[in-house]
Amino acid sequence: MKTFTHVIQDPMGLHARPAGLLAKAASAYPCQITVTTSAGTADAKRLMSVMRLAAKAGMELTVSCDGEREEEAAAGMEVFLKETL
């Protein structure tokens, strides 16, 4: 399992557009990817699950990738989050 953290920089937080992009990016990998905040844990491949986190600017996300190609997924998701959130 590969895990990393990211602090949301976008002043709007993890709203609908970036949540959709996050789910799409996570779906490109075969491993299980979860996003955890102080509000709970979400399956990163499920838009509504990610939206339920209601993550705001300044919140820390912990992303975990577990399974096939987990290292590639963690690296890709980290780049995605830095560029998007």
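Which residue in S4 does His6 stand opposite? His6 stands opposite Leu61 in S4. This is a predicted model, in which local features need pLDDT of at least 70 and side-chain atom pairs count only at pLDDT 80 or more, while totals for chains, interfaces and linings use all residues. Residues are numbered from 1 along each chain as its sequence is written, and side-chain values use heavy atoms, with hydrogens and water left out. Helices (H or I, at least four residues) and strands (E, at least two) are DSSP runs, numbered from the N terminus. The briefing covers the sheet, the helices and selected residues.

**Sheet architecture**

- Four strands form an open sheet in the order S1-S4-S2-S3, with antiparallel pairing; two strands pair if DSSP finds at least two bridges between them.
- Strand S1 (2-7) and strand S3 (40-43) are the edge strands, and each pairs on one side only.
- From one strand to the next, the twist averages 25 degrees; angles run from 0 to 180 degrees between N-to-C directions, and axes are lines fitted to C-alpha atoms, for helices over the stretch in contact.
- Strands of a sheet pair through backbone hydrogen bonds, either parallel or antiparallel.

**Strand pairings**

- S1 and S4 pair in the antiparallel sense over six bridges, and His6 stands opposite Leu61 of S4.
- Five bridges connect strand S2 (residues 32-37) with strand S4 (residues 60-66), again in the antiparallel sense.
- S2 and S3 run antiparallel and are joined by four bridges; Thr36 stands opposite Thr41 in S3.

**Helix packing**

- Helix H1 (residues 16-27) and H3 have axes that come within 11 Å and cross at roughly 165 degrees.
- H1 and H3 are therefore roughly antiparallel to each other, the term for angles over 145 degrees; those under 35 count as roughly parallel, 65 to 115 as roughly perpendicular and the rest as oblique.
- The crossing in which H1 passes H3 is right-handed; this label applies if the near helix is turned clockwise from the far one by less than a right angle, and left-handed if anticlockwise.
- On the H1 side, the contact (heavy atoms within 4.5 Å) is made by Pro18, Leu21, Leu22, Ala25 and Ala26, and on the H3 side by Met77, Phe80, Leu81 and Thr84.
- By class, the contact of H1 with H3 has eight nonpolar, one polar and no charged residues; Ala, Val, Leu, Ile, Met, Phe, Trp, Tyr, Cys and Pro count as nonpolar, Asp, Glu, Lys and Arg as charged, and the others, Gly among them, as polar.

**Buried strand residues**

- Ile33 lies in strand S2 and counts as buried because its relative accessibility is 1%; buried means under 20% relative accessible area, exposed over 50%, and partly exposed in between (1.4 Å probe, protein chains only).
- Leaving aside residues up to four places away in sequence, Ile33 touches Ala26, Ala42, Asp43, Ala44, Lys45, Val63, Ser64, Cys65, Ala73 and Met77.
- The C-alpha atoms of Ile33 and Met1 are separated by 9.8 Å, with the two residues 32 apart along the chain.
- Cys65, in strand S4, counts as buried at 0% relative accessibility.
- With residues up to four places away in sequence not counted, Cys65 touches Met1, Lys2, Cys31, Gln32, Ile33, Glu70, Ala73 and Ala74.
- Cys65 and Ala55 are 10 residues apart along the chain, and their C-alpha atoms are separated by 19 Å.

**Loop residues with positive phi**

- Ala54 has a positive phi of about 50 degrees although it is not a glycine.
- Ala54 lies in the loop between helix H2 (47-51) and S4, and counts as partly exposed at 40% relative accessibility.
- Arg69, also a residue other than glycine, has a positive phi near 60 degrees.
- The loop between S4 and H3 contains Arg69, which counts as partly exposed at 38% relative accessibility.
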